[in-house]
Amino acid sequence: MNIVVCAKQVPDTAAEKRLSSDGTLDRSNDADQILNPLDEYGTEAALKLVEANGGEVTILMVGPKSATETLRKKALPMGADKAIQVTDEALHGSDAVATAYALAQALKQVEGFDLVILGSESTDARGSLVPSALSEFTGLPGLTFAKSIEVDGNVVRIQREGDKGFETVEAEMPAIVSVVKGINEPRYPSFKGIMAAKNKPLDEKDAAGAGIDTSMVGLANSKSKVGEWKERPPKEAGTIVEDDGEAFAKLADWLEENKLL
Amino acid sequence: MIRDSVAGICRSYGRTWFQELYKADKRSTELWENLGENGFIGLNIPEEYGGGGLGIFEICIVCEEAAAAGTPLLLLVVSAAINATLISKFGSPEQKQEFLPPLAAGRSIMAFAITEPDAGSNSHQIATTATRDGDIYRLNGRKTFISGVDEADWILVVARTGVDDKGKAMLSIFVVDAEMPGLEKTVIETAIPSPEKQWMLFFDDAEVPATRLIGNEHEGLRAVFLGLNPERITGAAMGLGLARYALDKAAQYCREREVWGVPIGMHQGVSHPLAERKIELELAKLMTQKAATLYDQDLPCGEEANMAKFAAAEASINSVDQAMQALGGNGMTIEYGLADLWPMARLMRTAPVSREMILNFVAQHSLGLPKSY
Ligand SMILES: Cc1cc2nc3c(=O)[nH]c(=O)nc-3n(C[C@H](O)[C@H](O)[C@H](O)COP(=O)(O)OP(=O)(O)OC[C@H]3O[C@@H](n4cnc5c(N)ncnc54)[C@H](O)[C@@H]3O)c2cc1C
């Protein structure tokens, strides 16, 4: 089976993030750029399926030129067979829907895939919209928030964790699946993987090359606009409850007031 | 990238896991095998024998990162650094084929036995003998402080095969099975909280096939000297890792811990000594990398390897000690994992070569002072 994993480069999750004047994430600071952690789970899920069933894993990345490094240093060393990178100034500032459109267009040029796997969110934007939007654009069934994936003939089945238990959802392939943290334990690239990654095929395309209509993407053409934003307010001092023997009641009240109970 | 993977794998086990091992008298086999399967134990073994075809520089990364994750792997220094090097350089094609692939894959470990009760710093005193008897050698004598014999499939033993005209011992090296008739082992209790154990070995007419002689008979001393530089350099790398672990712990703690309303890291009495340790650490690292680079290019590196070992040992002892101080009472707890690292850091000043022997070397070879012993 052939699997496409959509992967994004993000600033190190632990790094401080700032918005630039156009309301998009400031990517010019010197935070380390890493593979979106959720995409590590996606890549691992794809590698496991291919190891069990045969086939190939292709990474599809829409992102700046500098993201090549993330492909060469992480996704390919983990074991993916090849990568497609769509890079174009026109894509800068694309929102989730515009990004999903770009991915859908690029996917049209990938022959014979059975599954598209994405992380359920990227740690810089946290929208969780791209997988569902991609399912709309491609017209393929979308199975989201998978905590496990299995393939049975031409059916893909996932378990989705909900408030009250698991839902089992299945669809015929080809299909789109988004995975959550904890679906697996992403491997660290082995020495062989690291060495092999240097020579794996990486197909770089601009927007036109990927069949993307540039009037549909980029900051100006995105449907969601950032109107206003504020810096996160500094942390306020918490409330200190002295235990005079009645602290439990005060704590319970506080939890109730804040709708945590 | 090698660094990231090794660090990631070791951290996924972590300090607490390591502590559980030594408390339960268990070995770190799982981590060793994991690193082996991923190709990191055999980085310095030639590719044709299943290794990575790289050098001491790269195996140093593994030593450093394992220690920096709080999971130091002492046996890398003997099995991967000394033994794999000696067999790659001096082994016959058959010997390489037998020993190197399992070592590269992390499936087997080879212990290294040179130290004897009466021959530690002075390897000319080696008294263990190997006497040729047809197709075999008979080994007789004692070895002491030999690490990891219980985890090893084989032991590389340095023994005396004769004396030259000046009465000096002529040495040879052999690979013996760790389990064999005529070899008894008893554990030496040490105060180092670590999964590896040290052993006293007794050879009593232990029969070793002559095919297990590595290199030429009587030429073992040259081989041993060649193996000692990788030992010193990787030992240094391990010390660097211990120092990093300690300084990382201390820095994190001092950013958060407040005693007088501000993080204690704001007090220069706390931050300056840590900063000094950091400088020591980085300088030691530079010398370690210099030594490894020279070694890998087949250039002389004795001076650099000794200096790196010295500097890294001192950096690791000082860093662990200073980190313990910065953590106050927590510096003594098992939870913060510093006090129980101190004996390992302290070991670096004694083994594989003592501080004094390094100073002797530098005095004599770097400064041209008269030989003192
Ligand atoms: C935990 C641990 C693991 C070890 N693992 C191994 C192993 O796997 N394989 C192995 O073969 N060995 C191993 N050793 C042994 C180690 O290499 C020796 O302990 C070390 O080389 C010192 O030798 P020694 O103990 O005989 O000390 P000695 O040689 O007796 O030295 C005692 C003291 O005298 C000093 N001294 C000696 N000569 C001089 C001189 N000329 N000038 C100034 N000072 C001098 C030394 O520096 C030292 O301080 C291990 C030791 C330990 C503690």
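Let me begin with A:Trp254, which counts as partly exposed because its relative accessibility is 42%, where partly exposed lies between buried, under 20% relative accessible area, and exposed, over 50% (1.4 Å probe, protein chains only). This is a predicted model, in which local features need pLDDT of at least 70 and side-chain atom pairs count only at pLDDT 80 or more, while totals for chains, interfaces and linings use all residues. Residues are numbered from 1 along each chain as its sequence is written, chains are lettered from A and ligands numbered from 1 in the order in which they are written, and side-chain values use heavy atoms, with hydrogens and water left out.

Turning to the interface between the chains, the contact (heavy atoms within 4.5 Å) takes 13 residues from chain B and 8 residues from chain A. Together the two chains bury about 860 Å², with 75% of it on carbon and sulfur atoms; buried area is the accessible area (1.4 Å probe) that two parts lose on being put together, summed over both. On the chain B side, B:Met1, B:Ser5 and B:Asn38 supply 54% of the area buried against chain A, more than any other three residues.

Within chain B, the domain assignment, which is automatic or from a database, gives domain 1 (2–109), domain 2 (112–218) and domain 3 (222–366). Between domain 2 and domain 3 of chain B about 720 Å² is buried, and carbon and sulfur atoms give 80% of that area. In domain 2 of chain B, B:Ser121, B:Ile192 and B:Pro193 lose the most area to domain 3, together 49% of what that side buries.
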